[in-house]
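Visitor: I have a few quick questions about this one. Can we go through it piece by piece?

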2 protein chains.
Amino acid sequence: MTQLSDRARQYARANTARFVEELSAFLRIPSLSGDPAHAADVRRAAEWLAAHMRGLGFAGVAVMETAGHPVVYGEWLGAGPDRPTVLVYGHYDVVPAAMEDGWDTPPFEPVIKDGRIYARGATDDKGQLFIHVKALESFLTSEGAAPVNIKFLIEGEEEVSSPNLKPFIEAHFDLLKADVCVISDSSMPSIDAPAITHSLRGMTYIEVEVHGPKEDLHSGFFGGAVHNPALALVEILGGLYNPDHTIAVPGFYDDVVPLTAEERAMIARTELSEAQLKQSTGVPAVWGDASYTLRERVAARPTLDINGLWSGWSGPGPKTIIPAKAGAKLSSRLVANQNPHKIYELLKARIEALAPPTVRVEVRLLTTGEPALIPFDLPAMQAAARAYERGWGATPTFVRGGGSIPIVADIARLMQIPVVMMGYGLDDDGLHAPNESYSLEMFQRGIETAIVYLEELARLEHERSEPR
Amino acid sequence: MTQLSDRARQYARANTARFVEELSAFLRIPSLSGDPAHAADVRRAAEWLAAHMRGLGFAGVAVMETAGHPVVYGEWLGAGPDRPTVLVYGHYDVVPAAMEDGWDTPPFEPVIKDGRIYARGATDDKGQLFIHVKALESFLTSEGAAPVNIKFLIEGEEEVSSPNLKPFIEAHFDLLKADVCVISDSSMPSIDAPAITHSLRGMTYIEVEVHGPKEDLHSGFFGGAVHNPALALVEILGGLYNPDHTIAVPGFYDDVVPLTAEERAMIARTELSEAQLKQSTGVPAVWGDASYTLRERVAARPTLDINGLWSGWSGPGPKTIIPAKAGAKLSSRLVANQNPHKIYELLKARIEALAPPTVRVEVRLLTTGEPALIPFDLPAMQAAARAYERGWGATPTFVRGGGSIPIVADIARLMQIPVVMMGYGLDDDGLHAPNESYSLEMFQRGIETAIVYLEELARLEHERSEPR
């Protein structure tokens, strides 16, 4: 049976090589949102994307200011008011990357090798957001029109937990109005097992700093009589965990919605074996709360990780100091219904309770993100499942994601629309790690699935789905 | 009564301003022995010092090779074979220093302010070793001769625990032969309370690295199921200490020579109050093993300090990773009769016993140094006491130093001569810390005391003192 989307799909296949070249140009821009030194690069990435959208004939394209890095907006509303409108959310910012972290090639000089493109942002999220840009281009160029209206909301602060997106949505509510939101910023278990993510973890990210002497001291003159701040930090951090690997912060688990037997059964469908986890990470043994399976631990249970530690001398050779201070970055992945601000208060209270009188301890909140849980019986979710069957060629499963896209909960709540997470990545794409890469086959199949999804959405009753 | 040293002391007083200018030139050379990037600077400092000694008419001046940084040798033997020979030991290398550590002015651009010279190495040890160079210059220029023979042995690896000095001494035993060794690389309690150090702590300096995943992981995808290496490090380090602040390493204290009541009484003469320690360091409260006084803790008891910690992300903003590895530098100050290599084995065994099967742990030995204890009834020690009375204008006390000059024990043992530690520094000179400085008054009084000491040594029977 011929489908409206056939010519768009043919166009996409015929143009994949050019699409990859365009993506490469986008990946060359080091749009690190967390580092003030890269503010101009972040803006440059926004301008590049806006210019690219204009070139494709999208309307209303603009680099719109926020209190932080700008949002890129663009739309195509040619399907008319009787057709649904889909809002595509994505982000053009990336996390830091440097050769000394273990990259084989410079992180902002994309290299194509063995069917993959290597660069920071390749999968998270420049490559995945680009799929939707190319899906619309394919319809517009091959058919002159798309089956639904599309709006793009591409932000530049996702990697710093989107501090300005909520106010932006509130300030531009009418502009952004849509029937469904689609986000591709997550992953599937394997290339032949597509997945629709219906849950994401939230986050509370803090920084702890322990201050001892007013400056570094000679360890020979003061060692033994002054509490070493690095040791005090070690003692405090050690006090945040129980011997069974659960988190020793009073109240931490209080608001966690317990997993039902049915949910545990669904999670078991994508169970992760010890062998798989050891193979993909290289760890000698797995770890964690033995009351839960590995998949539950990484997707449906809250965590507390040390993301960074620093104190004193870490250069070559010895330096015999008692450091003046020691610090750590700590982040907690949260699940429904934990509140990130409440968790911050609990963490802070616990750390302050553990702090000895021999040092001064500071706890700072860096970012927060709400956890999200989306019901999978909504029509827009079911349309996505059909899009995978036709566009990807496999039936998707509904999964919980362990990562955090704080804005998912915000969009669902603020805009009162379902948020459909069609992740076109793989867990071992190396996102937030050295040698991040993206499969060109995933990119191409993603574009075809995104094309089909627009068609499936057009077939839905034009009704406002009720969010939960 | 006119003394032989009067004219030399007058010369020194008249020339202090020039001496300080010369010291400034020496301090400008960033002779960081622990950093391979500064190898050429270390050599430049050696060449500078050798050229300076030649300019003063010292004989046999040479920059002598070792397996590491070179030794500067120079001598004046004009007093003849019937007079004693004193070997001056010092070091021209320094520990790292950078503006971002909290320096008010660049560490290698000496600044004179309020009677102090600020620069890395000002007190440790360029300023203090220069005292002996200027003492000999003062005799030679004012009298044409010194009352004893002098040899200078100035090394460039003290800050990395002198790995090549012992073989150097063994290879040049006849050249270095002397009756007494004098070292100025320690401090006195206050400017009006000079001290002769008769004990130094030794050292075992190690590096511990914990390896988990093969590369940094996204904390959202793996958090909860992989042992965070930074947490594993925290747990291991925490296991090295007991709740009473003693060191939880089996066998660690076994070889410590217990303090006698007499020794404790002598140490009590320079007792350190909590208020003093809080004032000089800025810590909110003191810490340590409550069975010992503060002075005992910093001078006569062994320690274990964390000198550095590193893992994951420590730059601005959040980065949601599980770091691939985490590391720490740890050093233990040792007292007689602890053996640094045995302590290394004990530390390593304890760390390996604490290491969980979820990570891989590496322990590396960086440097060692023997502790030293010198009897204070030796003639050369008593001559030093008289030199302070006349040259400094105060009666010295015999004290234990908390720092480490590993070579002290080596020189005493290899050369079978007493080692007299006439420290002309102050604990709050900021050595090994930002804004290291040296009092110009201490510098000048030090030169006069060093001049008088040469005279006092000439009055001793020319006998070979027996070392203990």
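**Strands, helices and contacts**

Guide: This is a predicted model. To begin in chain B, strand S5 (residues 116–118) of chain B and S20(B) run antiparallel and are joined by 3 bridges.

Visitor: Which residue is the bridge partner of Arg116(B) in S20(B)?

Guide: Ser439(B) is the bridge partner of Arg116(B).

Visitor: What is the strand order in that open sheet of chain B?

Guide: The order is S4-S5-S20, 3 strands in an open sheet with antiparallel pairing. Strand S4 (111–113) and strand S20 (437–439) of chain B are the edge strands, and each pairs on one side only. From one strand to the next, the twist averages 25°.

Visitor: Which helix lies across S5 and S20 of chain B?

Guide: Helix H15 (residues 440–459) of chain B does, and it runs at about 55° to S20(B).

Visitor: Switching to the two chains. How many residues does each give to the contact?

Guide: Chain B gives 84 residues and chain A gives 84 residues. On the side of chain B that touches chain A, strand S12 (residues 305–312) of chain B gives the most, with 8 residues. That side of chain B divides into 39 nonpolar, 30 polar and 15 charged residues.

Visitor: In which sense does S12(B) pair with S12 of chain A?

Guide: Antiparallel: strand S12 (residues 305–312) of chain A and S12(B) pair over 5 bridges. In one of the pairs, Ser311(A) has Leu309(B) as its bridge partner in S12(B).

Visitor: How many strands are in the open sheet with S12(A) and S12(B)?

Guide: There are 8 strands, in the order S15(A)-S10(A)-S14(A)-S12(A)-S12(B)-S14(B)-S10(B)-S15(B), and the pairing is antiparallel.

Visitor: Why is one side of each edge strand left without a neighbour in the sheet?

Guide: Strand S15 (360–369) of chain A and strand S15 (360–369) of chain B stand at the edges, and each has a single partner strand, so one side of each has no neighbour in the sheet. Ignoring direction, neighbouring strands of this sheet are turned by 15° against each other on average.

Visitor: What about S12(A) and S14 of chain A, how many bridges there?

Guide: S12(A) and strand S14 (residues 325–334) of chain A pair over 6 bridges in the antiparallel sense.

Visitor: New topic, helix packing in chain A. At what angle do the axes of H2 and H4 of chain A cross?

Guide: Roughly 135°, and the axes of helix H2 (residues 16–27) of chain A and helix H4 (residues 126–143) of chain A come within 11 Å. H2(A) and H4(A) are therefore oblique to each other. Their crossing is right-handed.

Visitor: Which residues in H2(A) meet H4(A)?

Guide: Phe19(A), Leu23(A), Phe26(A) and Leu27(A) in H2(A) meet Lys126(A), Gly127(A), Phe130(A) and Lys134(A) in H4(A). By class, this contact has 5 nonpolar, 1 polar and 2 charged residues.

Visitor: How is chain A divided into domains?

Guide: Domain 1 of chain A covers 6–200 + 372–459, and domain 2 covers 202–256 + 302–369. The centres of the two domains, taken over C-alpha atoms, are separated by 35 Å. The contact takes 6 residues from domain 1 of chain A and 7 residues from domain 2 of chain A. The domain 1 side divides into 3 nonpolar, 3 polar and no charged residues.

Visitor: Last topic, the backbone. Is the peptide bond from Asp124(A) to Asp125(A) cis or trans?

Guide: The bond is cis, with omega near 5°. Asp125(A) is in the loop between strand S5 (116–118) and H4 of chain A. In chain B, the peptide bond from Asp124(B) to Asp125(B) is cis, with omega near 5°.

Visitor: And is phi of Ser161(B) positive or negative?

Guide: Phi of Ser161(B) is positive, near 70°, in a residue other than glycine. Ser161(B) lies in the loop between strand S6 (149–155) and helix H5 (165–171) of chain B. Most residues other than glycine have a negative phi, and most peptide bonds are trans.

How values were computed. Residues are numbered from 1 along each chain as its sequence is written. Chains are lettered from A and ligands numbered from 1 in the order in which they are written. This is a predicted model: local features need pLDDT of at least 70, side-chain atom pairs count only at pLDDT 80 or more; totals for chains, interfaces and linings use all residues. Two residues are in contact if their C-beta atoms, placed from the backbone, lie within 7 Å. Helices (H or I, at least four residues) and strands (E, at least two) are DSSP runs, numbered from the N terminus. Ala, Val, Leu, Ile, Met, Phe, Trp, Tyr, Cys and Pro count as nonpolar, Asp, Glu, Lys and Arg as charged, and the others, Gly among them, as polar. Two strands pair if DSSP finds at least two bridges between them. Axes are lines fitted to C-alpha atoms, for helices over the stretch in contact, and angles run from 0 to 180 degrees between N-to-C directions. Angles under 35 degrees count as roughly parallel, over 145 as roughly antiparallel, 65 to 115 as roughly perpendicular and the rest as oblique. A crossing is left-handed if the near helix is turned anticlockwise from the far one by less than a right angle, and right-handed if clockwise. Domain bounds come from an automatic or database domain assignment.
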